[in-house]
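This report looks at charged side chains and how they pair. Keep the sequence and the model side by side while reading.

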Amino acid sequence: MPTNVAPIKQIMDCEPLKKLIREVPDFPKKGILFYDITTLLKDKLGFATLIDALSEHYLGQQIDLVLGMEARGFIFAPALAYRLNAGFVPVRKPGKLPAATAKYDYALEYGTNTLEIHKDAIQKGQRVIIVDDLLATGGTAEATTKLAASLGGDVVGLAFVVELDFLKGREKLAQYDVFSLLHYDK
């Protein structure tokens with residue numbers, strides 16, 4: 001094979017994973033349909049398939065760090081980092097990290113939130129991906145991209161297990177490669 005031809009990525013069919021996700025009506029409040037991934041996580045083949053599919057998207061991209069947001073990003077980011085031979089960096093709520101931190105305040109639908117990362121977590125030019133369980137409105141993911149960039153990181157992309165397409169969170173992340181395994185339109 002010529003050296004200038006990229007290998008063809010095999011795309012895994014993840015739609016069967018939806019059968020492992022429990023749908024909980026009226027949680028956390030009436031009118032909301034909650035997609036509970038804990039039932040997927042406890043299925044050893046389902047969880048392995050999920051990590052393999054996320055990894056497949058980034059293999060060969062020379063990822064240095066995988067950032068995971070508190071709390072559910074902590075489930076996927078370390079496993080993905082292991083598979084990509086990369087480091088894992090936690091992005092936490094305020095007051096949880098012991099050394100000097102950089103922080104980013106961002107707006108929510110009803111209020112504000114803050115994320116923090118150790119100031120020495122990312123070296124200038126390191127290639128990072130950001131991982132979380134869910135892309136909804138995109139606020140947390142956008143805040144994490146800004147934190148990573150503020151430390152000199154090159155955000156290669158963002159990966160999510162589930163994307164709620166109808167909330168249009170992807171629009172806030174239009175400048176990045178956004179990869180979601182499972183999509184829901186309602």
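R83 is partly exposed, at a relative accessible area of 36% (buried is under 20%, exposed over 50%, partly exposed in between, with a 1.4 Å probe and protein chains only). This is a predicted model: local features need pLDDT of at least 70, side-chain atom pairs count only at pLDDT 80 or more, and totals for chains, interfaces and linings use all residues. Residues are numbered from 1 along each chain as its sequence is written, and side-chain values use heavy atoms, with hydrogens and water left out.

The partner of R83 is D52: their side chains form a salt bridge at 2.2 Å, N to O (a side-chain nitrogen of Lys or Arg within 4 Å of a carboxyl oxygen of Asp or Glu). D52 sits in helix α2 (residues 44–58) and R83 in helix α3 (residues 73–83), so the contact ties together parts 31 residues apart in sequence. Helices (H or I, at least four residues) and strands (E, at least two) are DSSP runs, numbered from the N terminus. D52 is also partly exposed, at 32%.

The structure holds seven salt bridges. The table gives some of them, including the D52 pair.

| Pair | N to O distance |
|---|---|
| D52 and R83 | 2.2 Å |
| R92 and E70 | 2.8 Å |
| E163 and R170 | 2.7 Å |

R92 and E70 pair through their side chains. This pair links distant parts of the chain, 22 residues apart: R92 is in the loop between β4 (87–91) and β5 (101–108), and E70 is in the loop between β3 (65–69) and α3.

Is E163 buried or exposed? E163 is buried, with a relative accessible area of 3%. Its salt-bridge partner R170 is partly exposed, at 32%.
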